[in-house]
Amino acid sequence: MKHLFLALSVFIVSATAFAQSPTQQKAENAVKFKELVHDFGKIKQGVPVTYNFAFTNIANKPVVIEAATASCGCTTPVKPEAPIAKGKADKITAGFNAAALGPFNKTITIKVAGIDAPLDLRITGEVLNEVDYAKYQKEKGNKSK
């Protein structure tokens, strides 16, 4: 009976030890973005917009942005190509073509070299046709007076 209890105890302890995974590194521990979401608000159809997501390297060594991947072809991310030194700032530019009418919510996934968990940036807004955009601008102008 003692042998069975001992064997069962060893099995439980070893299963628990192997089940625990090491702490997964996160991109947030290497780069600190001023903001993770940008709302363009209402924009005119066919007029591309861009936004710079500013970040700082908070790691103890230079970091490399390995990839910046958009959730669709209407969004174009541009990442820094050179390593970012410790404590230095840089940016990821998110471009949006504004071709399709309606609200949008797009994701840009950032992969930092040597870190497993990626980080997501988001751009949102609403694309209006020329007539609706002119009405919006007129209403916006009247409210500011």
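Predicted model: local features only at pLDDT ≥ 70, side-chain atom pairs only at ≥ 80, totals over all residues.
Trainee: Let's start with sheets. In what order do the strands of the open four-stranded sheet stand?

Mentor: The order is E1-E3-E6-E5, and the pairing is antiparallel. Strand E1 (31-33) and strand E5 (75-78) are at the edges. Each has a single partner strand, so one side of each lacks a neighbour in the sheet.

Trainee: By how many degrees are neighbouring strands of this sheet turned against each other?

Mentor: On average by 30°, with direction ignored.

Trainee: How many bridges join strand E3 to strand E6?

Mentor: Eight bridges join E3 (residues 49-57) to E6 (residues 89-96), and the two run antiparallel.

Trainee: Now strand E8. Is it mostly covered or mostly open?

Mentor: A general idea before the case. In a regular strand, side chains alternate between the two faces of the sheet. Now the case: E8 (residues 119-128) is mostly covered, with seven of its ten residues buried.

Trainee: In which sense does strand E2 pair with E8, parallel or antiparallel?

Mentor: Parallel. Strand E2 (residues 37-44) and E8 share six bridges. His38 stands opposite Ile123 in E8.

Trainee: And how does strand E7 run against E8, parallel or antiparallel?

Mentor: Antiparallel, with nine bridges joining E7 (residues 102-112) to E8. Gly102 has Val127 in E8 as its bridge partner. E7 and E8 form a hairpin with six residues between them. In the turn, Gly114 has a positive phi of about 85°.

Trainee: On to the rings. What describes a pair of aromatic rings?

Mentor: Two values: the distance of the centres and the angle of the planes. The count here is five aromatic pairs. In one of them, the ring centres of Phe40 and Phe104 are 6.4 Å apart and the planes are at 40°, so the pair is tilted. Phe40 lies in strand E2 and Phe104 in strand E7, so this pair ties together parts 64 residues apart in sequence.

Trainee: Are Phe40 and Phe104 buried or exposed?

Mentor: Buried means under 20% relative accessible area. Phe40 is at 15%, so it is buried. Phe104 is at 7% and counts as buried too. Phe104 also pairs with Phe96, stacked, at 4.0 Å centre to centre and 20° between the planes. Phe96 is buried as well. Phe40, Phe96 and Phe104 form one aromatic cluster.

Trainee: Last item. What volume does the largest pocket have?

Mentor: About 240 Å³. Its lining has 14 residues, and Gln25, Ala30, Ala59, Lys61 and Ile115 lie nearest the centre. The lining divides into eight nonpolar, four polar and two charged residues.

Note on methods. Residues numbered from 1 in each chain as written. Heavy atoms only, no water. Pairing = 2+ DSSP bridges. Axes fitted to C-alpha atoms, helices over the stretch in contact; angles between N-to-C directions. Buried < 20%, exposed > 50% of the residue type's maximum accessible area, 1.4 Å probe, protein only. 1 Å grid on protein atoms, 1.4 Å probe; cavity = no way out; pocket = protein on both sides within 12 Å on 5 of 7 lines; lining within 4 Å. Points joined across faces, edges and corners; volume = space filled by probe spheres on them. Nonpolar A, V, L, I, M, F, W, Y, C, P; charged D, E, K, R; others polar. Phe/Tyr/Trp six-rings, centres within 6.5 Å; stacked < 30°, edge-to-face > 60°.
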